Amino acid sequence: AQNNILTAIKADQLDVFEYIPKPLDLNDLIISVDRSLKKNSEKNKEIKFEENLPMIGTSSVMQVVYKNIAKITKTNFSVFINGESGTGKELVAKTIHNFSDRADKAFIAINMASLPENLIESELFGHEKGAFTGAEKKTSGFFEKASGGTLFLDEIGDMPYEIQSRLLRVLQFGEFSRVGGREVIKTDVRIISATNKNIQSSIEKGEFREDLFYRLNVINIFLPPLRERENDIISLGRHYLNLYSDGKKQFDSSAITFLKSHNWPGNIREIKNCMEFMVNSAEEVSVTLSNLPKWIDIRKILSSTKLCGLKATDYFFAKSQFEEDFIREALTKNGGKINKTAREMGISKTTLIAKVRKYDIKSQVSKVFNAVSI
């Protein structure tokens with residue numbers, strides 16, 4: 001039932017014959033048991049694991065990812081990771097490294113899109129003193145620094161075409177020379193690359209070498225976007241909520257509905273940043289729609305068919321121009337009773353009174369309370 005990445009890796013490293021997450025198909029289980037009885041297995045080894053591995057999700061699409069990762073951790077094959085921006089490609093690369101035989105060696109991550117084009121060759125392969133203007137001393141590149149370990153080339157689709165041939169040679173022969181040098185340097189590096197681009201399209205356009213792609217794409221892992229992992233969204237949201245609030249805050253019903261309905265174009269990176277913002281902006285224990293960051297368009301959320309069934313009291317405080325309307329509606333529904341309205345909204349009476357004063361909507365408040373408290 002705890003079908004996460006750690007389960008899959010434990011299963012693979014302990015020589016488990018088959019890993020079947022719940023809910024399971026009885027026929028598949030019978031077939032697997034029958035096959036396993038016909039295969040001799042070695043005694044299980046005692047292995048230490050990282051218990052706080054931050055890969056979260058029990059959806060069926062993530063089970064495929066976990067199994068693929070588990071099968072390749074003990075190999076040295078090149079791995080190519082596809083996925084939209086923010087889906088966790090570097091996290092997968094780190095997981096592969098951390099559970100590999102290279103775990104005690106360096107893991108170096110490079111974003112090819114962020115490197116100045118005129119410095120990429122020097123950054124990757126190093127340079128000799130005087131190789132170019134500003135090269136005041138011999139400098140090792142990433143291939144030397146990561147030797148024995150793993151080199152993660154993120155956004156590989158942005159690598160300049162002329163540099164791709166040098167990378168191909170390193171993959172073919174395991175050797176290179178520094179910029180401006182003649183010494184042949186041997187390197188033992190596992191390459192994990194990733195992109196959010198359509199590499200096949202880049203190949204057809206002549207922007208990416210096909211032979212290099214085949215070298216990089218020995219093992220392929222596809223990371224699904226968060227919108228295809230609906231069952232994982234709440235788990236991820238709560239994980240980051242607990243992380244940033246030290247377990248002291250919780251979602252209200254409107255926030256949970258928002259998590260499920262939002263398209264999450266930024267994927268895990270977006271939900272992580274969103275939760276950090278919401279926690280920091282929430283004055284109450286309950287995290288509500290009022291705490292959404294500015295980059296999320298509340299109007300699209302409210303027009304969603306998934307949200308149209310929400311009660312007025314589930315909205316709490318949305319943003320800017322919507323906040324006043326929601327307060328008015330909630331007060332009207334509750335006959336202007338501050339205590340009842342605040343209780344249903346999950347906020348304090350003091351906060352609600354402050355909002356009433358801010359929007360000058362005292363007329364919505366019951367006359368008795370209005371006279372005494374406002």
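How are H10 and H12 oriented to each other? The structure examined here is a predicted model, in which local features need pLDDT of at least 70 and side-chain atom pairs count only at pLDDT 80 or more, while totals for chains, interfaces and linings use all residues. Residues are numbered from 1 along each chain as its sequence is written, and side-chain values use heavy atoms, with hydrogens and water left out.

The chain contains 18 helices and 9 strands; these are DSSP runs numbered from the N terminus, with helices (H or I) of at least four residues and strands (E) of at least two. Of the 374 residues in the chain, 46% are buried, where buried means under 20% relative accessible area, exposed over 50%, and partly exposed in between (1.4 Å probe, protein chains only).

Two packed helices are described by the angle between their axes and the distance between the axes. For helix H10 (residues 230–245) and helix H12 (residues 267–281), the axes come within 9 Å and cross at roughly 45°. Axes are lines fitted to C-alpha atoms, for helices over the stretch in contact, and angles run from 0 to 180 degrees between N-to-C directions. H10 and H12 are therefore oblique to each other; angles under 35 degrees count as roughly parallel, over 145 as roughly antiparallel, 65 to 115 as roughly perpendicular and the rest as oblique.

On the H10 side, the contact (heavy atoms within 4.5 Å) is made by residues including Ile 233, Leu 236, Tyr 240 and Tyr 244. On the H12 side, the residues include Ile 268, Ile 271, Met 275 and Val 279.

Turning to the aromatic rings, the structure holds 8 aromatic pairs. Rings of Phe, Tyr and Trp (its six-membered ring) pair if their centres lie within 6.5 Å; planes under 30 degrees apart count as stacked, over 60 as edge-to-face and the rest as tilted. One of the pairs joins Phe 213 and Tyr 214, which are tilted, at 6.1 Å centre to centre and with 50° between the planes. Phe 213 is buried at a relative accessible area of 8%, whereas Tyr 214 is exposed at 52%. Tyr 240 and Tyr 244 have ring centres 6.2 Å apart and planes at 20°, so this pair is stacked. Both belong to helix H10, and because they are 4 residues apart, about one helical turn separates them. Tyr 240 is buried, at 11% relative accessibility, and Tyr 244 is partly exposed, at 25%. Finally, ring pairs link Phe 80, Phe 213 and Tyr 214 into a cluster.
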